[in-house]
Amino acid sequence: MQPTRRNALPWLAVSALVLALDQLTKYWVLTSLPEYTAVPVIEGIWNWYRTYNTGAAFSFLADAGGWQKYFFLVLAVAISGLLAFWLSRTPRGEWKTALPYALVIGGAIGNVIDRMVHGHVVDFIQWHWQDWYWPAFNIADMAIVGGAIGIAVAGLFSSAPAERPGKA
């Protein structure tokens, strides 16, 4: 009998936490913030600003006519499924791999829920400096970007497996 291999699927708890924080903050935004009105948090740097994104990052394809909603929905579900599969193949203790996967999954599913329920993603965090404004974003977006950076960094700095003797 083979010993049970402890995989990284428990890291999906991080995905659930990201999803909960994302949806709770969006609920707050939808029930408390006026649309398209800046509410300063730190004057001259950070606003709460309720807006909507029908596209992807930085409103990519936002004016594409509607098909992009389903494209991004399918893409997010497919990527989340693939990352969950990879979590099932990742040893539990490999947090440098598991944490970024979990962050991307939680963020992607958070934005999928928005697309399914509202037809767009609710964004509300706006950073700016003088007249330069970064596109508004949300908790899910932060998790996706943080996870993607973690995946890239882990890939760049992971050591390549040693070659087996006799293999060329």
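This is a predicted model: local features need pLDDT of at least 70, side-chain atom pairs count only at pLDDT 80 or more; totals for chains, interfaces and linings use all residues.
**Exercise 1.** Describe the order of helices and strands along the chain.

*Solution.* The chain contains four helices and four strands. Read along the sequence, they follow the pattern α-β-β-α-α-β-β-α.

**Exercise 2.** Characterise the packing of helix α1 against helix α3.

*Solution.* Two packed helices are described by the angle between their axes and the distance between the axes. The axes of α1 (residues 12-32) and α3 (residues 95-118) come within 8 Å and cross at roughly 35 degrees. The crossing is right-handed. Residues making the contact include Leu12, Val18 and Leu30 of α1 and Leu99, Ile109 and His118 of α3. By type, the residues of this contact divide into 11 nonpolar, seven polar and three charged.

**Exercise 3.** Classify the aromatic pair of Trp28 and Trp48, then that of Trp48 and Phe124.

*Solution.* For Trp28 and Trp48, the centres are 5.4 Å apart and the planes stand at 75 degrees. Angles over 60 degrees count as edge-to-face, and this pair is edge-to-face. Trp28 lies in helix α1 and Trp48 in strand β2 (residues 46-53), so the pair ties together parts that are 20 residues apart in sequence.

For Trp48 and Phe124, the values are 5.8 Å centre to centre and 45 degrees between the planes, and the pair is tilted. Phe124 lies in strand β3 (residues 121-129), so this pair ties together parts that are 76 residues apart in sequence.

Technical notes:
Residues are numbered from 1 along each chain as its sequence is written. Side-chain values use heavy atoms; hydrogens and water are left out. Axes are lines fitted to C-alpha atoms, for helices over the stretch in contact, and angles run from 0 to 180 degrees between N-to-C directions. Helices (H or I, at least four residues) and strands (E, at least two) are DSSP runs, numbered from the N terminus. A crossing is left-handed if the near helix is turned anticlockwise from the far one by less than a right angle, and right-handed if clockwise. Contact means heavy atoms within 4.5 Å. Ala, Val, Leu, Ile, Met, Phe, Trp, Tyr, Cys and Pro count as nonpolar, Asp, Glu, Lys and Arg as charged, and the others, Gly among them, as polar. Rings of Phe, Tyr and Trp (its six-membered ring) pair if their centres lie within 6.5 Å; planes under 30 degrees apart count as stacked, over 60 as edge-to-face and the rest as tilted.
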